[in-house]
Amino acid sequence: GANRRTRLVPVEDEQRVIRTIQRLSDRGLGHQKIATQVRSLHANARDMSRHKVRRILERKEQGLHYEHA
């Protein structure tokens with residue numbers, strides 16, 4: 001029905017990309033260098049751009065990524 005609740009569930013491949021982005025950012029790399037590294041390390045992220053990196057990091061800072069241990 002119209003009131004159905006949906007739940008976001010983590011997709012492990014995407015979580016790996018997010019963790020890589022965070023790790024590279026923590027090391028001080030810029031958005032473009034992070035995007036380049038992510039494209040070479042993750043087959044599922046061949047379209048990663050510096051703009052996507054920036055948006056992911058901004059959401060991460062806002063606590064909007066669901067991660068499980």
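The buried residues of helix H2 pack against helix H1 (12–26) and helix H3 (50–61). Buried means under 20% relative accessible area, exposed over 50%, and partly exposed in between, with a 1.4 Å probe and protein chains only. This is a predicted model, in which local features need pLDDT of at least 70 and side-chain atom pairs count only at pLDDT 80 or more, while totals for chains, interfaces and linings use all residues. Residues are numbered from 1 along each chain as its sequence is written, and side-chain values use heavy atoms, with hydrogens and water left out.

**Overall make-up**

- The protein has three helices and zero strands, in the order α-α-α along the sequence.
- Helices (H or I, at least four residues) and strands (E, at least two) are DSSP runs, numbered from the N terminus.
- Of the 69 residues, 23% count as buried.
- Among contacts with a separation of 6 or more, 42% join residues 24 or more positions apart; contact means heavy atoms within 4.5 Å.

- Helix H2 covers residues 31–41, and its buried residues are Ile34, Ala35 and Val38.
- Seen down the axis of H2, these buried residues fall within an arc of 100 degrees, so they line one face of the helix; the arc is that of the directions from the helix axis to the C-beta atoms.
- An α-helix has 3.6 residues a turn, so residues three or four places apart point the same way.
- Lys33 and Ser40 are exposed residues on the face of H2 turned away from its buried side.

**The nonpolar core**

- Twelve residues form the largest nonpolar core: Val17, Ile18, Ile21, Leu24, Ile34, Ala35, Val38, Ala45, Met48, Val53, Ile56 and Leu57.
- H1, H2 and H3 are the elements that give two or more residues to this core, and the largest share, four residues, comes from H1.
- A nonpolar core is a set of buried Ala, Val, Leu, Ile, Met, Phe, Trp, Tyr and Cys residues joined through side-chain atoms within 4.5 Å.
- Leaving aside neighbours within four places in sequence, Met48 is in contact with Val17, Ile21, Ala35, Val38, Arg39, Val53 and Ile56.

**H1 against H3**

- H1 and H3 pack at an angle of about 90 degrees, with their axes 10 Å apart.
- Axes are lines fitted to C-alpha atoms, for helices over the stretch in contact, and angles run from 0 to 180 degrees between N-to-C directions.
- H1 and H3 are therefore roughly perpendicular to each other, a term for angles of 65 to 115 degrees.
- Ile18, Ile21, Gln22 and Ser25 in H1 meet Val53, Ile56, Leu57 and Lys60 in H3.

Notes:
Parallel < 35°, antiparallel > 145°, perpendicular 65-115°, else oblique.
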